[in-house]
Amino acid sequence: MKKTVNKTTKNNFITYGMVIAIFAVVQILSSTGNLSRLLTGLLVPICVYTIASLSLNLVVGYSGELSLGHAGFMCVGAYSSAVFSHVTSDLIPSVPRLILAILVGAVVAAVFGVLIGIPVLRLRGDYLAIVTLAFGEIIKNLINILYVGVDDKGLHVATSAANLKLDPGGKQIIKGALGVSGTSTLYKDIKDYFFLIGVILILIVLFVIQNLVNSRSGRAITSTRDNRIAAESIGINVTKNKLLAFTISAAIAGVAGVLYAHNLSMLKVSIFDYNMSITILVYVILGGMGNLRGSILATIVLYALPELLRGFSTYRMLIYAIVMIAMMLFNWAPAARDFRSRIVEKIKGHGKEKEAA
Amino acid sequence: MAMLEVNNLSIQFGGLHAVDNFHMKIEKGELYGLIGPNGAGKTTVFNLLTGVYKPNEGIIKLDGQDITGKSIIDINKAGIARTFQNIRLFKDMTVLDNVKAGLHNHHKYSTLTGILRLPKYFKVEKEMNERAMEILKVFNLDQEAELLAGNLPYGKQRKLEIARALATDPKLLLLDEPAAGMNPNETQELMDTIRFVRDHFNMTILLIEHDMKLVGGICEELTVLNFGQVLCQGETSKVLKDPTVVTAYLGE
Amino acid sequence: MSFISYLKDGISLGSIYAIIALGYTMVYGIAKMLNFAHGDVIMVGAFVILTAVTKANMSPILAIILSVVICTAAGVVIEAVAYRPLRKASSNLAVLITAIGVSYLLQNLALLIFGADAKSFVPVINVPSLVLFGGQLTVKGVTIVTILVCIVIMVGLQLFVKKTKPGRAMQAVSEDRDAAQLMGVNVNATISLTFAIGSGLAAIAGLLLCSAYPTLTPYTGAMPGIKAFVAAVFGGIGSIPGAMVGGILLGVIEIFSKAYISSQVADAIVFAVLIVVLLVKPSGLFGKNIQEKV
């Protein structure tokens with residue numbers, strides 16, 4: 001019995017090790033001057049997308065629901081944490097401020113996760129997909145007309161700049177479609193460590209997801225994915241466990257949004273669109289549903305490649321689409337599954353024959 | 001007191017009386033069979049007993065407690081566990097995890113304990129592993145604990161489903177055609193296992209079955225269902241000789 | 001008078017949603033899948049008409065027929081290649097994700113072929129406007145055609161499903177696919193036919209949409225497609241009159257939101273409607289509850 005525990009623990013540590021190894025390689029390349037400026041600029045965004053795809057994998061891969069609104073949760077996390085950072089910029093030193101900002105982003109995104117999850121997790125999976133998509137669009141629409149400012153009297157919220165009625169000396173934080181500017185400047189002193197911070201966040205996220213899925217709640221979550229009625233028949237509350245996975249996933253997506261917002265000098269809501277949600281979904285599909293290491297590797301490769309290969313970017317989306325369809329057919333079509341297991345058996349059979357000989 | 005007592009149970013789908021005025025009484029520790037021609041409403045009775053469907057009329061009492069109209073989850077918590085005619089395993093989970101999922105409500109720790117790997121996590125997981133292996137051994141599945149449930153051969157999948165149901169520590173176990181798709185050898189082995197489960201766990205078992213050899217071999221009492229109604233009820237040997245039963249099965 | 005004018009715009013937009021929603025609702029009712037690429041077939045249809053008329057100098061009627069033919073074929077091919085192999089997959093997520101892939105594929109193919117800039121659509125529907133109330137209200141010819149086409153399609157489809165043999169096969173497959181198969185219904189052919197009809201309707205929807213809002217980009221179909229799905233859910237998925245009523249209500253809600261609240265949040269309101277409907281009556285106005293067989 002010890003063997004099982006060791007096996008999953010070992011597996012978990014391979015994942016941590018892989019992340020640390022990649023980090024080390026990048027550090028060595030960077031310190032020896034072998035990392036182009038282009039690639040250096042990609043490091044933090046890669047961390048952002050890695051966290052986002054890990055988060056989506058929890059929902060898609062483990063709880064078996066499709067969310068098309070993960071960009072919405074990132075958006076909520078990004079904006080709430082950016083506001084927090086701007087409001088507290090004079091009050092708290094940058095390191096604790098960033099930690100608090102991350103928590104703010106995670107908690108706000110989690111709250112939205114619960115609010116969205118409660119009504120829709122009772123419904124069929126397709127409905128969940130479309131409602132999360134709708135949610136992403138609603139968020140985008142609303143933040144597009146949202147103005148937030150701060151002055152001595154406190155926080156002001158309005159739907160136009162004029163309605164903010166800030167006192168002289170107050171400053172606008174969210175400017176509607178123009179978004180939030182200057183968040184990264186608030187962290188000038190630790191800006192160089194953002195990649196390190198990103199990697200640490202990835203490790204924490206991995207810790208949370210891996211330990212969750214290999215626990216009592218994780219079994220409940222995967223059991224509801226595999227067979228909803230059977231799960232209920234052994235006393236597992238399907239809605240509650242799906243909501244748990246969804247909320248944790250939303251919180252993690254929020255964290256990705258925080259990192260994204262704080263790495264940029266200009267944060268605009270238009271980036272958090274349907275395409276972003278789909279891009280993350282492609283990373284999850286290509287890396288393998290329920291495969292965390294796969295998500296990380298797929299994100300790194302798919303994010304970096306188009307940026308590095310000029311001319312590829314015109315075909316990028318087309319190739320994503322084809323890859324997505326092909327992967328789904330290959331992995332899920334019963335005919336393809338039979339074919340693969342026949343091949344596997346053949347190979348195994350050959351092995352046995354050789355042994356006998 | 002009877003372990004299960006059902007009175008006047010009815011459900012209609014549209015105008016169809018799928019189950020009509022059904023009644024049944026099972027004593028503690030009994031091995032009870034529910035038989036009948038195809039479409040007689042046997043699985044519907046199971047679905048009513050386990051809360052998948054809500055009855056239009058009638059009362060279901062488990063060990064004296066009224067469980068009529070409760071949810072699937074609450075009925076399992078009250079003490080009924082079941083298997084399914086078309087196997088419903090957690091295919092992409094290991095055999096061991098399937099059984100541990102069944103232990104969900106009996107060995108508890110919080111989600112946070114699990115994520116943070118607090119000492120309680122290790123303690124409870126160890127208990128769960130031991131208990132799950134104990135159950136798997138009964139079904140000779142302990143060697144396959146690490147395999148994915150979906151990769152088990154058919155007969156073993158049926159057994160694993162029983163193991164998972166037992167893990168919820170039920171008072172009453174419902175088996176929906178446990179021998180379906182098994183060869184005679186496997187069926188014989190299954191009969192021994194069912195008897196062993198009854199004796200070893202002191203379990204009350206209600207099963208639906210088509211295999212008359214199995215039914216005649218292990219069930220002590222039978223209810224025969226035809227067109228949603230009770231056709232005949234009583235001791236197995238008597239029921240099987242009843243002329244109305246013979247007619248229902250063989251036609252006029 | 002502005003109220004009536006908005007109402008007219010709403011019904012017109014809603015009629016387009018209704019035609020798209022019919023495609024969604026039929027496919028969902030019969031193949032039990034959400035065809036995410038349905039909206040993009042609209043865009044394909046519109047591009048076919050535009051190209052045929054401007055590049056090949058085809059007459060509008062011929063261009064429309066060509067567009068319907070191509071979209072119908074596209075629908076059937078997509079179903080056969082991408083969806084059918086997954087029909088018996090253990091996860092129903094698989095086909096949904098594949099459909100998203102197909103949607104993405106169509107958009108990006110169009111992007112490669114036609115580029116990202118908006119093209120202005122050619123006027124193919126040349127019907128004179130109707131002037132009412134002594135010039136206070138003008139109803140454009142396109143609007144009249146749109147509403148009429150929508151009514152004709154709905155009635156026609158309803159008759160087809162209820163009265164013809166293939167239509168009844170559709171109903172049977174929608175009720176219980178396995179039982180229908182056992183009773184001798186060719187399930188694959190029936191589902192193909194459903195996709196053919198749905199996609200043919202999408203071509204018509206593309207024509208009407210781009211005639212009313214004459215700009216065309218590779219993403220033109222995506223948003224109306226999603227809104228039409230909202231309409232289908234609103235009306236009760238699987239129900240033909242439901243799609244019609246849901247579509248028109250949604251169009252009216254959208255135009256009124258734009259007119260009386262704010263054009264920036266109109267989409268948010270439309271989607272909020274979806275969430276409210278799912279909360280209050282998940283089966284929609286005309287839908288029925290579907291329970292999984294145990």
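This is a predicted model: local features need pLDDT of at least 70, side-chain atom pairs count only at pLDDT 80 or more; totals for chains, interfaces and linings use all residues.
Residues are numbered from 1 along each chain as its sequence is written, chains are lettered from A and ligands numbered from 1 in the order in which they are written, and side-chain values use heavy atoms, with hydrogens and water left out.

**Chains B and A**

The contact (heavy atoms within 4.5 Å) draws 36 residues from chain B and 33 residues from chain A. The buried area, that is, the accessible area (1.4 Å probe) that two parts lose on being put together, summed over both, is about 2900 Å² between chain B and chain A, with 61% of it given by carbon and sulfur atoms. Between these chains there are 14 residue pairs in polar contact, both residues being at pLDDT 80 or more; a polar contact is a pair of N or O atoms within 3.5 Å, where within protein one must be able to donate a hydrogen and the other to accept it, and residues adjacent in sequence count only if both atoms are side-chain atoms. On the chain B side, the elements that give two or more residues are α2 (72-78), β6 (80-82), α3 (95-102), α4 (111-116) and α5 (119-138), helices (H or I, at least four residues) and strands (E, at least two) being DSSP runs numbered from the N terminus.

The count of salt bridges (a side-chain nitrogen of Lys or Arg within 4 Å of a carboxyl oxygen of Asp or Glu) between chain B and chain A is 2. In one salt bridge, D97(B) meets R219(A) at 4.0 Å, N to O, and a network of salt bridges links R219(A), D97(B), K100(B) and E125(B).

Strand β9 (residues 221-226) of chain B has 5 of its 6 residues buried, where buried means under 20% relative accessible area, exposed over 50%, and partly exposed in between (1.4 Å probe, protein chains only). Strands pair if DSSP finds at least two bridges between them: β9(B) pairs with β3(B) (residues 31-35) in the parallel sense over 4 bridges, and with β10(B) (residues 229-235) in the antiparallel sense over 6 bridges. G33(B) stands opposite L222(B), while V224(B) stands opposite C232(B). The hairpin of β9(B) and β10(B) has 2 residues between the strands, and F227(B) there takes a positive phi near 50°.

R82(B) lies in strand β6 of chain B and is buried, at a relative accessible area of 3%. Its side chain makes polar contacts with the side chains of N47(B), at 2.8 Å, and T50(B), at 3.2 Å.

**Salt bridges within chains**

| Pair | Closest N and O atoms |
|---|---|
| E65(A) and K242(A) | 3.2 Å |
| R131(B) and E134(B) | 2.9 Å |
| E254(C) and K258(C) | 3.2 Å |

Because E65(A) lies in the loop between α2 (37-62) and α3 (70-87) of chain A and K242(A) in helix α9 (residues 238-263) of chain A, this pair ties together parts that are 177 residues apart in sequence. E65(A) is buried at 6% relative accessibility, and K242(A) is buried at 3%. R131(B) and E134(B) are 3 residues apart in helix α5 of chain B, and so are separated by about one helical turn.
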